[in-house]
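I opened this notebook to keep track of what I looked up, one entry at a time.

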Amino acid sequence: MNNKLQSTVSLCRRAGKLQLGFDQVKDAVSTGEVKAVFVAADLSDKSKKEVCFYCSKVNVPVYCLPITKDEIKMAVSKGSGVLGVTDEGFAGILMQQGEALQ
């Protein structure tokens with residue numbers, strides 16, 4: 001399952017539909033670009049709480065993916081525990097693989 005998930009994240013990045021990192025995702029959430037936010041399984045609880053806080057202000061769903069920050073780094077060549085997806089199709093595919101946090 002992780003290979004398919006990593007491939008989807010990688011494809012999303014190549015399509016230009018992925019925001020990486022807390023600050024970049026937070027900015028994209030505030031402008032309404034992001035359809036859903038995804039966090040790595042090994043992201044700290046404090047960071048997850050902050051992500052949920054910002055996303056709850058504008059009704060953006062947050063999901064925890066069953067992959068680690070290292071696995072995300074392998075997929076997109078950049079380490080990050082917070083991903084913002086700006087495409088509804090990609091967001092829907094990843095939502096099926098993740099666990100809702102809010």
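Predicted model: local features only at pLDDT ≥ 70, side-chain atom pairs only at ≥ 80, totals over all residues.

Residues are numbered from 1 along each chain as its sequence is written, and side-chain values use heavy atoms, without hydrogens and water.

I then listed the buried residues (under 20% on that scale) of H4, residues 69-76, and found Ile-72, Ala-75 and Val-76. Seen down the axis of H4, these fall within an arc of 75° (taken from the directions from the helix axis to the C-beta atoms), so they line one face of the helix. They pack against H1, S1 and S4, where contact means heavy atoms within 4.5 Å. Helices here are DSSP runs of H or I with at least four residues, and strands are runs of E with at least two, numbered from the N terminus.

Just after H4, I noted that Ser-77 takes a positive phi of about 60°.

Next I turned to the open sheet, whose five strands follow the order S1-S4-S2-S3-S5 with mixed pairing; two strands pair if DSSP finds at least two bridges between them. Strands S1 (18-20) and S5 (99-100) stand at the edges with a single partner strand each, so one side of each is left without a neighbour in the sheet.

Note on methods
Buried < 20%, exposed > 50% of the residue type's maximum accessible area, 1.4 Å probe, protein only.
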